[in-house]
Amino acid sequence: MPSLQWSDALALDLPLMDDTHREFVELLARVEASDDATLLDAWQTLIAHTDDHFGREDEWMKNTRFASSNCHSMQHEVVLKVMREGLTRGQTGDLATVRQMASELGIWFPQHAQSMDAALALHLRRVGYDPLTGIVSAPQALPADMIHGCGDSCSTDDTPRKEPALVSTW
């Protein structure tokens, strides 16, 4: 049984984000169901999807005045780096590490989606951002300054950056 299954608790009422998250859950389940012969191919597919997924969200943040230094983007960067390190270890024959990482992603993802992605989805709806076209239909709702920190209403350029909290000991 996969460590993570799609549920309404993961839905954020932003169709493109929800579709991407649903695909992430499906690809993660494929990794977990893979035998040793297909594990690395499935893991590479998940990494490619996650790279695109995170890149798209990072672009949305940039387009709506989230700064590249916010902890949401930083968490994306760290998770991708760890996934790529897992691939390197898997290519040396350490498939157990890849399997452990997949399990940890199943634990990490709901928290990330229900906190950081939920805040981003709310922000995007508030400013009327269309993820397909990049058009902001309520520019008056854009924050006056770049959002730093974790992207909450208290974050400013003076907010100290925090390292992303990962639930893994990868």
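## Aromatic residues and cores

Phe54 and Trp108 are both buried, where buried means under 20% relative accessible area, exposed means over 50%, and partly exposed lies in between (1.4 Å probe, protein chains only). The model is predicted: local features need pLDDT of at least 70, side-chain atom pairs count only at pLDDT 80 or more, and totals for chains, interfaces and linings use all residues. Residues are numbered from 1 along each chain as its sequence is written, and side-chain values use heavy atoms, with hydrogens and water left out.

A pair of aromatic rings is described by the distance of the centres and the angle of the planes. Rings of Phe, Tyr and Trp (its six-membered ring) pair if their centres lie within 6.5 Å; planes under 30 degrees apart count as stacked, over 60 as edge-to-face and the rest as tilted. The structure holds three such pairs. In one of them, the ring centres of Phe54 and Trp108 are 6.2 Å apart and the planes stand at 75°, so this pair is edge-to-face. Phe54 belongs to helix 2 and Trp108 to helix 4, and the pair links parts of the chain 54 residues apart. One aromatic cluster is formed by Phe24, Phe54, Trp108 and Phe109.

The chain has four helices and zero strands; helices (H or I, at least four residues) and strands (E, at least two) are DSSP runs, numbered from the N terminus. The largest nonpolar core has 27 residues. Such a core is a set of buried Ala, Val, Leu, Ile, Met, Phe, Trp, Tyr and Cys residues joined through side-chain atoms within 4.5 Å.

Helix 4 gives the largest share of the core, eight residues. A second, separate core of 13 residues includes Trp60, Ala121, Leu124 and Val136.

Phe109 is among the residues with the most contacts inside the largest core. Leaving aside neighbours within four places in sequence, Phe109 is in contact (heavy atoms within 4.5 Å) with Leu4, His21, Phe24, Val25 and His53.

Thr20 lies in helix 1 and is buried, with a relative accessible area of 8%. Not counting residues up to four places away in sequence, Thr20 touches His49, His53 and Arg56. Across the chain, buried residues make up 46% of the 170 residues.
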